[in-house]
Amino acid sequence: MKFYARRITIYLVTLWATISLNFLLPRLMPGDPAEILIAKMQRAGEVSETTIRNIRLILGSGSDVPLWEQYLGYWGRLLHGDLGISVTKYPTPVTELIANALPWTLVLVGLSTVIAFVLGIGIGAWVGWRRGTWVDHLVPGTTVLQSIPYFWLALILVAVFAVNLRWFPIFGGYDVFAFPSGPEPTLAFLSDAIYHGILPAITIVLSSVGGWLFGMRNMMVATLSEDYIITAEAKGLRPGRILRAYASRNAAIPSIAGFSITLGFVVAGSIVMEQVFTYPGVGKLMFQAVQNNDYALMQGVFLVITITVLAANFLMDLVYGFIDPRARHNA
Amino acid sequence: MSAEPVLTATDVSIEYLVDPPVEAVKNVSLTLHRGEILGLAGESGCGKSTLAYGLNRLLKPPAMMSSGEVVFHDRDGHDIDVVGLDGEHLRAFRWDKVSMVFQGAMNSLNPVLSVKEQLDDVFRTHRPKMRRRERLERSRELLELVGVDPDRLTSFPHELSGGMRQRMMIAMALALDPQVMIMDEPTTALDVVVQRGIIREIMRLRERLGFAVIFITHDLPLLIEISDRIAVMLRGEIVELGTADDIYRNARHDYTKKLLESFPSLRGDRGDFIRTGAMPVASALTTSTEAV
């Protein structure tokens, strides 16, 4: 119990530090983000006094309010779930934009990350188990796929499968003409979304499976030369049991640690993928925010990313002890 | 002791198929009798471990048994041709008839499984009819047998000392009541005191359960103390094979004499292990070098 209390404290402190940094960064930036923002909005049309005040509050410039008070106000608004108003999609609140983009990214990038990991570990374990046979040739093949620049691979796949063969749609998360009023909870919409997600998912899996496979294969080869594997063999255990409980499980431990980090960055989305496929996820949102100097949106996205990275690490911290008994009890 | 054989190896040769090929074991013939302790002594790299692995068919490429026969004479009178075994038969043979205790006391246990699970693995594979309760009872009994608190069953290897881990391995090796136990330097990684405790345990268990032991070590004085017969290996060949007493009192081969000489006695004079016969080399050594 003491262990968990300690972990939770550490994570809370980290969370506080990152949120504070998130508050501080735009204020340390050269130039005046608030002025840029307001000018941009005024170009688009009339801007109310309250909005200008709001922007100054969020970005903290052009006012004589001391930093300390700004900081308290920032926390106050944060706790009410108010992340400000986006300029890109003025006057939509940032919270709403993120809430709309988050499910797309979470499901697509999350699912394909998990698939890539499971495939990589599974095939890697098998290739390592059959080391020295023809299956070793799988490894360079998958690493080549990984070393190809991602956008290039994605564009090639779009050109071949979407443009030429017309097997998949070229862009989007769903058919905007079939569902003009946006996402709806129907089976037709769901299948359309899945149909749109297949090609992006394939590109993500193709480009990341190689790393997992390569790492797992090498760990597997190292593990198979351990003394306890020989002991297991001398014990007359079935090969399947040795493969699962003695070799793969031990070999996968380092990869699982790496996976927790990757999982944390799922929410950051795959910016390039979402750009290539014009996918309505967080990555595209962030790209737009940067392009348009939309500081409120940027801050909001960064905050969500930070929280998920921390949450994923925290979760893995707790799970890790179950996988590796040596990691238990020691804080 | 009955002179009934339990394991016979004839003309066993093992090669490492590297470039150039290494003949690690050359035409070795050995007979292990029921219930005896056969010591296998020799320096590092002489092929003693390779031979032991070969007897249990644990060799991995590039090692290969190029010729020879290994026959196991079962309790019920059946003869098993170990070299001819493969797949499922070989798997079922291992541990059930011949079990092993390995050199690395520290690394023979899987670090992420508890001792209980690793013992359970043996029962579940070889005795599928055993119930959960029976398996647990037997596991506790085995731990008690090797002098470990049965409550330690749920421990993970990293929670145990080196000596305890090796005792766990011995418990595991005893699990199926094997007729032969091959011990490959079982006490190498342990200090002398723990070593002594474990050797005593092995002797006691052997007397009680009657399995035969092939005990591999470079520690010839230890072998003289515990074994019935001793085989001395040099460069892949058995250069001398005799009763412990024979080897101790009138070693014939030069290499055996050299091995015996290389251990200082308690009083510090080298070569004290050889009592009989003129030992010009030994006396020369004692006069020219300081006591160790």
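**Figure 1. B:His126 sits in helix α3 (residues 115-126) of chain B.** Helices here are DSSP runs of H or I with at least four residues, strands are E runs of at least two, and both are numbered from the N terminus. This is a predicted model, in which local features need pLDDT of at least 70 and side-chain atom pairs count only at pLDDT 80 or more, while totals for chains, interfaces and linings use all residues. Residues are numbered from 1 along each chain as its sequence is written, chains are lettered from A and ligands numbered from 1 in the order in which they are written, and side-chain values use heavy atoms, with hydrogens and water left out. B:His126 counts as buried because its relative accessibility is 12%; buried means under 20% relative accessible area, exposed over 50%, and partly exposed in between (1.4 Å probe, protein chains only). Leaving aside residues up to four places away in sequence, B:His126 touches A:Lys235 and A:Gly236 as well as residues of chain B, including B:Arg91, B:Trp95 and B:Leu176. Contact means heavy atoms within 4.5 Å. A polar atom of the B:His126 side chain lies 3.5 Å from the backbone oxygen of B:Arg94.

**Figure 2. B:Trp95 has a positive phi, near 70 degrees, though it is a residue other than glycine.** Look for B:Trp95 in the loop between α2 (87-93) and β6 (98-101) of chain B. B:Trp95 is buried, since its relative accessible area is 0%. B:Trp95 is also among the residues that B:His126 touches.

**Figure 3. B:Arg57 shows a positive phi of about 60 degrees and is not a glycine.** Most residues other than glycine have a negative phi, and most peptide bonds are trans. The loop between α1 (48-55) and β4 (63-73) of chain B holds B:Arg57. With a relative accessible area of 26%, B:Arg57 is partly exposed.

**Figure 4. A cis peptide bond runs from B:Asp19 to B:Pro20.** Its omega is near -5 degrees. B:Pro20 belongs to the loop between β1 (5-16) and β2 (22-33) of chain B.

**Figure 5. B:Glu88 and A:Arg238 form a salt bridge.** Their closest N and O atoms are 4.0 Å apart. A salt bridge is a side-chain nitrogen of Lys or Arg within 4 Å of a carboxyl oxygen of Asp or Glu. By this rule, 3 salt bridges cross the interface of chain A and chain B.

**Figure 6. Chain A and chain B meet through 23 residues of chain A and 28 residues of chain B.** On the side of chain A that touches chain B, the elements giving two or more residues are α9 (227-234) and α10 (239-264) of chain A. The most comes from α10(A), with 7 residues. That side of chain A divides into 11 nonpolar, 3 polar and 9 charged residues. Here Ala, Val, Leu, Ile, Met, Phe, Trp, Tyr, Cys and Pro count as nonpolar, Asp, Glu, Lys and Arg as charged, and the others, Gly among them, as polar. The area buried between the two chains is about 2,300 Å², with carbon and sulfur atoms giving 57%. Buried area is the accessible area (1.4 Å probe) that two parts lose on being put together, summed over both.

Conventions
Polar contact = N/O pair within 3.5 Å; in protein donor to acceptor, adjacent residues only side chain to side chain.
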